[in-house]
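Please examine the sequence and the structure before reading on.

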Amino acid sequence: MELLIFREHHNYPDGEYISKDVVPTIPGPIYFKGMEESFCIKMDSRRKVHSSYFIGTDWLTSEKAVYVEPKLNKDTNQINYLRMLLSTLEHSDVSIHINDLFEIKYSQPLIEIPQERDMLTPMLVLYFLQTLRVIVRKGLKKSYYRVYNNLQGKVKGKILVSDTIKQNILKNKTLSNHCAYDEFGYNNLENRLLKKTLLFVNRYLKEVGIRQVSDELSKQLNSLFAAFQQVDSEISLNEIKYRKPNPIYREYNTAIRLAKIILWRYGYSIGNIRNQTKIKTPPFWIDMSKLFELYVLGLLKNNFGEHVDYHVVIRERELDYLLNSGDHKMVIDAKYKKYNEHSVNIEDIRQVCGYARMEGVYRRLNFPENLNIPCLIIYPDMMGGVDNFYGSSFPMAMEKIPGYKDLYKLGVKLPQY
């Protein structure tokens with residue numbers, strides 16, 4: 001297997017084309033979740049390679065795998081997508097959209113990549129820990145669970161006759177009985193699975209580490225372990241496989257799904273984490289454009305809280321954000337692309353202005369019909385952008401787009417390595 005490395009939204013590093021010696025036949029495009037409007041990587045008829053705003057790894061052919069790493073463009077440093085994700089996960093009402101961020105192709109053959117290029121596991125670890133924080137904050141779930149115990153001088157629940165004969169009677173322990181009975185408490189299947197995965201994550205952070213966010217994670221682990229103090233970590237593989245989700249517990253379902261993925265990646269053995277220079281991963285893709293959208297949502301939530309509506313649907317049109325906070329009422333769109341000092345894509349202008357002229361938006365914002373609703377386009381700006389939207393940094397940093405009334409743009413700095 002050969003691994004071809006690309007940059008996100010960039011061309012093949014050794015030139016714009018891939019020769020027939022490297023890839024004999026032109027492969028078909030790879031789409032994110034099968035959506036033809038969202039391609040991850042493709043090669044045109046001239047053998048020129050195009051990547052989009054997705055990072056990850058996948059099979060280009062049966063023998064050639066492609067790896068796309070994060071970078072907005074050739075003029076910027078590499079974007080720290082883990083810090084973006086961590087910031088996004090701080091808001092529980094934002095983190096519910098994280099499932100839209102990535103695609104994992106479990107049914108396809110594994111791809112071997114260097115450990116340091118593993119982008120999927122750190123993302124899953126962060127997502128798991130933040131989901132666990134929400135669970136702990138709300139309180140661990142209590143439920144009935146099965147207990148198997150060898151009781152002396154008493155009987156509880158159902159006597160396990162075969163075990164009692166083998167372990168007690170044949171060993172002259174006539175007063176003891178192996179019993180199975182139900183108890184109500186924290187040591188249930190779900191919590192034991194989460195505790196086991198938490199131990200995996202702790203070992204992963206010690207052996208491999210996520211240096212970009214290590215300080216934040218180390219502070220979280222102690223409090224999480226304290227919350228699971230009454231929970232065992234013993235759980236069988238069959239129990240993991242056949243556990244069914246409970247629709248009432250949304251965070252539990254998310255955490256358990258992530259726990260299964262993390263444990264599966266290391267063969268359910270904590271010893272497999274140690275001393276790995278290469279790992280095998282299923283093909284996966286992470287949508288950086290969606291991550292930027294959620295990162296901006298987190299920044300807006302930091303300042304305006306519940307006054308920000310996300311993905312509002314009006315007349316079959318889906319708006320990124322509606323801001324309805326006192327003096328700040330506007331339609332906001334996030335664009336994960338580079339704008340130079342003066343230009344803004346005309347299609348982006350048409351889109352956001354079209355949203356702002358919808359009667360449903362006027363009603364939603366309770367805005368005077370004789371005035372234009374202000375529009376704002378937020379985009380990445382690694383040099384002159386703002387770090388947050390607190391206080392006056394939001395309205396003061398907005399830049400009016402020349403030639404348009406009530407239309408603004410605002411650059412946002414993204415975390416970098």
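The model is predicted. How many disulfides does a search of the whole structure find? The search returns zero.

Cys375 illustrates this result. The closest cysteine sulfur to that of Cys375 belongs to Cys353, at 4.5 Å. A disulfide requires two cysteine sulfur atoms within 2.5 Å, and the two sulfurs are therefore too far apart for a bond.

Is Cys375 buried or exposed? Cys375 has a relative accessible area of 1% and is buried, since buried means under 20%. Another cysteine, Cys179, has 0% relative accessibility and also counts as buried.

## A sheet of three strands

Three strands, in the order E9-E11-E10, make up an open sheet with antiparallel pairing. Strand E9 (143-152) and strand E10 (158-159) lie at the edges. Each of these two has a single partner strand, so one side of each has no neighbour in the sheet.

Strand E11 covers residues 176-185 and is joined to E9 by ten bridges, the two strands running antiparallel. Within this sheet, Tyr144 has Phe184 of E11 as its bridge partner.

## The chain as a whole

The chain contains twelve helices and 19 strands. It has 417 residues, of which 51% count as buried. The accessible surface of the chain is about 21200 Å², and carbon and sulfur atoms account for 47% of that area.

Methods: Residues numbered from 1 in each chain as written. Predicted model: local features only at pLDDT ≥ 70, side-chain atom pairs only at ≥ 80, totals over all residues. Heavy atoms only, no water. Pairing = 2+ DSSP bridges. Helix = DSSP H or I, 4+ residues; strand = E, 2+ residues; numbered from the N terminus. Buried < 20%, exposed > 50% of the residue type's maximum accessible area, 1.4 Å probe, protein only. Areas by Shrake-Rupley, 256 points an atom, 1.4 Å probe, with all protein chains shown as cover.
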